Amino acid sequence: MCACAASVPCAQYYYISDGAHVPYGNRPPEEILRLTLAALDGINDLKPSALVVACNTVTANCIEMLRQKFTFPVVGIQPAVKQAANIGGRCLVLATNATVKSKAFLKLVDKFAPEETTVVGCGTLAEYIERNVPNIPDSLPEGLLPDVKTDSVVLGCTHYAFVKKQIEDRYNCPVFDGIEGTAAHFSEIMGITDHYYAQNGDFRPLAEKQLKITFNCKNIEHYAQIMKYLFSIRGFCS
């Protein structure tokens, strides 16, 4: 959300979260699809210009079905293995169990990841972040991350963006998350769709504007606090 808002700050955003069931990373594909469709029930009434699926697990397991179902553009997010390949050496990809088992993820890694790539399904990291955000310590507890040496890390779960700094400190190497690529794709779409805000040329920096977000979820105060925290650690607002 914050990267998309930074690139297109003048849009009206609707934030949809399935707080009762996330994270999805340890669920089977058919359940992930069922929960995703239930969470998106009624989205057509909002008449969106685009849907950004800010979840690697849902992207890996459901993106093609969502694109077939909806008439508006659907933007997913993928692990930034191409960026890691550019620097070479050893690469560690961290993702959920559901993502690392998906055909889409395996195809992506096989095609674009560096030759020395280690893929690890982190069974409890997303759950830990979900329970503790925004009060996550500077150092993560033992056992959440694999004990390996690597030259780059790719984050294959959007939950992990909350602990990007901790992961950088843990492995002492560049960490890529794919979020900027998703935001760039979204920005491109907003520039070519019939969207009032995208066409009025008003792209002042985010800090100069009041971001317009409607939370379509339960526990709005909780998610608003999380969103504010994420914007601050990503450096997109003052």
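**Cavity**

I started with the largest cavity, and its volume comes to about 30 Å³. This is a predicted model, where I took local features at pLDDT of at least 70 and side-chain atom pairs only at pLDDT 80 or more, while totals for chains, interfaces and linings use all residues. Residues are numbered from 1 along each chain as its sequence is written, and side-chain values use heavy atoms, with hydrogens and water left out.

My terms here: on a 1 Å grid over the protein atoms alone, a cavity is a set of points where a 1.4 Å probe fits but cannot get out; a pocket is an open set with protein on both sides within 12 Å along at least five of seven lines; lining residues have an atom within 4 Å of a point. A volume is the space filled by probe spheres set on the points, and grid points are joined across faces, edges and corners.

I found one cavity of 30 Å³ or more in the structure. Its lining is Asn 56, Ile 77, Leu 155, Cys 157, Thr 158, Tyr 160, Ala 161, Asp 177 and Ile 179. I sorted that lining into six nonpolar, two polar and one charged (Ala, Val, Leu, Ile, Met, Phe, Trp, Tyr, Cys and Pro count as nonpolar, Asp, Glu, Lys and Arg as charged, and the others, Gly among them, as polar).

**Second largest pocket**

Next I looked up the second largest pocket, which holds about 610 Å³ of space. It has 27 lining residues, and Thr 59, Gly 76, Ile 77, Gln 78 and Leu 108 are the closest to its centre. Helix 3, helix 4 (81-87), helix 6 (103-112) and helix 9 (179-192) each give two or more residues to this lining; helices (H or I, at least four residues) and strands (E, at least two) are DSSP runs, numbered from the N terminus. Helix 3 supplies the largest share, eight residues. By class, I have 12 nonpolar, 11 polar and four charged residues in the pocket lining.

**Helix 2 against helix 3**

How do the axes of helix 2 and helix 3 cross? The axes of helix 2 (residues 29-39) and helix 3 (residues 56-69) come within 10 Å and cross at roughly 55°. Helix 2 is therefore oblique to helix 3. On the helix 2 side, I noted Pro 29, Ile 32, Leu 33, Thr 36 and Leu 37 in the contact (heavy atoms within 4.5 Å). Helix 3 brings Thr 57, Val 58, Asn 61, Cys 62, Met 65, Leu 66 and Lys 69. That contact has eight nonpolar, three polar and one charged residues.

I saw a cis peptide bond between Val 22 and Pro 23, with omega about -5°. Pro 23 sits in the loop between strand 1 (12-16) and helix 2. Another cis peptide bond joins Val 133 and Pro 134, with omega about 5°. Lys 47 is not a glycine, yet I read a positive phi of about 50° for it.

Methods
Axes fitted to C-alpha atoms, helices over the stretch in contact; angles between N-to-C directions. Parallel < 35°, antiparallel > 145°, perpendicular 65-115°, else oblique.
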